[in-house]
Amino acid sequence: MKPRSYGPFPYSPVVRRPKFRWPNGARVALWIIPNIEYFSLEERPGGYGAGKVPDVVMWSERDYGNRVGQWYLFDLLDEFGFPASHNFNSLLFENCPQIAERIRARGDEFVGHGRTNGERQDALDEGEERA
C-alpha cells in the first residue's frame, strides 16, 4: 500500500526555508480587503444559527456600510493611493451597482463572496451552487 502524502505540497519546516524577501526591499505587506455585503430584511444575516428575522440591528449596520461607510473608505483609499480587493456578494451588482462601479473605476479586485450573506454556501446542493 502506497503511503498517503503529507498534503498538496511537501512538508517544509519554517526554520529550514530560505528567507522570504518582499519586492523592492519592502518589510511589510498590507492587504486591504473589506467585506461588502448584501442581505435583505427577510434573510437571516450570516445564514447561521437561529437568529431573528428581521434582524434590524445587523441589517442597519450593513446598510450604513453600503450607503455611507464604504464611500468614506473609497475616499480614504484614494487619498493614500492604496489598492484594495473587496469581498463582494454578487447580489450587490443589481442592488447597489454604484459600489461596483466605483470598484471598477478604481481598478480594484472583486473577490467572490457568495450571492448574499443571508445564504450559507455549504448548505447549497450541486444544482443550486451551479446556478
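**View A. Lining of the largest pocket in the predicted model.** Fourteen residues line the largest pocket. Those nearest its centre are Arg62, Asp63, Arg67, Asn95 and Cys96. The volume of this pocket is about 170 Å³. Sorted by class, its lining consists of seven nonpolar, four polar and three charged residues.

**View B. Contribution of the helices to the largest pocket.** Helix 1 provides six residues, the largest share of the lining. Helix 1 and helix 3 each supply at least two residues of this lining.

**View C. Course of helix 1, residues 56-80.** Helix 1 comprises 25 residues and reaches 34 Å from its first C-alpha to its last, a span close to the 36 Å expected at 1.5 Å a residue. At Gly65, helix 1 bends by about 50 degrees. Just after the end of helix 1, Gly81 adopts a positive phi of about 70 degrees.

**View D. Buried residues of helix 1 and their cover.** Arg62, Asp63, Asn66, Gln70, Phe74 and Leu77 are buried in helix 1. Among the elements that cover the buried residues of this helix are strand 1 (35-36) and strand 2 (85-88). The cover also includes helix 2 (92-95) and helix 3 (97-106). Two of the buried residues, Arg62 and Asp63, are also among the residues that lie nearest the centre of the largest pocket.

How values were computed
Residues are numbered from 1 along each chain as its sequence is written. This is a predicted model: local features need pLDDT of at least 70, side-chain atom pairs count only at pLDDT 80 or more; totals for chains, interfaces and linings use all residues. Side-chain values use heavy atoms; hydrogens and water are left out. Helices (H or I, at least four residues) and strands (E, at least two) are DSSP runs, numbered from the N terminus. The expected span of a helix is 1.5 Å times one less than its number of residues. The bend at a residue is the angle between axes fitted to the seven residues ending there and the seven starting there. Buried means under 20% relative accessible area, exposed over 50%, partly exposed in between (1.4 Å probe, protein chains only). Contact means heavy atoms within 4.5 Å. On a 1 Å grid over the protein atoms alone, a cavity is a set of points where a 1.4 Å probe fits but cannot get out, and a pocket is an open set with protein on both sides within 12 Å along at least five of seven lines; lining residues have an atom within 4 Å of a point. Grid points are joined across faces, edges and corners, and a volume is the space filled by probe spheres set on the points. Ala, Val, Leu, Ile, Met, Phe, Trp, Tyr, Cys and Pro count as nonpolar, Asp, Glu, Lys and Arg as charged, and the others, Gly among them, as polar.
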